[in-house]
Amino acid sequence: PQALSEIEDIIKQFDVYMIKVCGLSDKTRIYHRRHVRYFLDYFFHQRPMCLDTLTPKSVLQFCYRNIKHYKIRSFGVFVYSIRCFFKFLQFKGAID
């Protein structure tokens with residue numbers, strides 16, 4: 001479906017950003033891509049990707065729902081991946 005291709009497109013753009021702007025290693029980028037893909041799939045799996053629908057409250061609720069699946073350090077990496085993605089979106093001009 002269209003939503004899945006939109007997700008893959010933005011993941012590819014995010015990966016280029018992580019390489020060229022952030023200079024992140026392959027291993028780090030693998031984790032970030034995995035976490036962000038899961039995040040985007042949660043919100044936009046069955047509908048077009050509209051980043052304006054993401055609110056701080058919905059993002060926090062998503063994180064709280066997923067905390068039980070991770071150890072504390074791993075959850076920190078998970079949240080950091082989401083933060084990096086939002087920095088990318090801000091860098092790209094997609095969000096304020």
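Is F85 buried or exposed? Let's start there. F85 is buried, with a relative accessible area of 0%. One caution before going on: this is a predicted model.

F85 sits in helix α4. Which residues does F85 touch, once neighbours within four places in sequence are set aside? The contacts are I10, F14, V36 and L40.

Two distances place F85 against other parts of the chain. S25 and F85 are 60 residues apart along the chain, and their C-alpha atoms are separated by 16 Å. R47 and F85 are 38 residues apart in sequence, with 20 Å between their C-alpha atoms. S25 belongs to the loop between α1 and α2. S25 is partly exposed, at a relative accessible area of 38%.

Stay in α4 for one more residue. S81 lies in that helix too. S81 is buried, and its relative accessible area is 0%. Leaving aside neighbours within four places in sequence, S81 is in contact with F14, Y31, H32, H35 and V36. Note F14 and V36.

Next, helix α3. That is residues 56–66. Which residues of α3 are buried? They are S58, V59, F62, C63 and N66. Look down the axis of α3. The buried residues fall within an arc of 140 degrees, so they line one face of the helix. An α-helix has 3.6 residues a turn, so residues three or four places apart point the same way. Now turn to the face of α3 that points away from the buried side. P56, K57 and Y64 are the exposed residues there.

What covers the buried residues of α3? The cover includes α2 and α4, the latter being residues 72–92.

Take the α2 side in detail. The axes of α2 and α3 come within 12 Å. They cross at roughly 115 degrees. The crossing of α2 past α3 is right-handed. From α2, the residues in the contact are Y38, F39, Y42 and F43. From α3, they are S58, V59, F62, R65 and N66. By class, this contact has 6 nonpolar residues, 2 polar and 1 charged.

Compare that with another residue of α2. I30 lies in helix α2. At 37% relative accessibility, I30 is partly exposed.

Last topic: charges. Side chains of opposite charge can pair when their charged atoms come close. How many salt bridges does the model have? The count is 4.

The closest N and O atoms are 2.8 Å apart. R37 is in helix α2, residues 26–44, and E8 is in helix α1, residues 2–22, so this pair ties together parts that are 29 residues apart in sequence. R37 is partly exposed, at 32% relative accessible area. E8 is partly exposed as well, at 31%.

R33 and D15 are another pair. Here the closest N and O atoms are 2.9 Å apart. Again distant parts of the chain are linked: R33 is in α2, D15 is in α1, and 18 residues separate them. What is the relative accessible area of D15? The value is 15%, and D15 is buried.

Then R29 and D26. Their side chains meet in a salt bridge, 2.5 Å from N to O. R29 and D26 are 3 residues apart in helix α2, so about one helical turn separates them. R29 is buried, at a relative accessible area of 10%. D26 is exposed, at 54% relative accessibility. Which residues do shared partners join into one network? They are D15, D26, R29 and R33.

To recap. F85 is buried in the model, and so is S81. The buried residues of α3 line one face of that helix, with α2 and α4 among what covers them. R37 with E8 and R33 with D15 link α2 to α1. That's the tour.

Conventions
Residues are numbered from 1 along each chain as its sequence is written. This is a predicted model: local features need pLDDT of at least 70, side-chain atom pairs count only at pLDDT 80 or more; totals for chains, interfaces and linings use all residues. Side-chain values use heavy atoms; hydrogens and water are left out. Helices (H or I, at least four residues) and strands (E, at least two) are DSSP runs, numbered from the N terminus. Buried means under 20% relative accessible area, exposed over 50%, partly exposed in between (1.4 Å probe, protein chains only). The arc is that of the directions from the helix axis to the C-beta atoms. Contact means heavy atoms within 4.5 Å. Axes are lines fitted to C-alpha atoms, for helices over the stretch in contact, and angles run from 0 to 180 degrees between N-to-C directions. A crossing is left-handed if the near helix is turned anticlockwise from the far one by less than a right angle, and right-handed if clockwise. Ala, Val, Leu, Ile, Met, Phe, Trp, Tyr, Cys and Pro count as nonpolar, Asp, Glu, Lys and Arg as charged, and the others, Gly among them, as polar.
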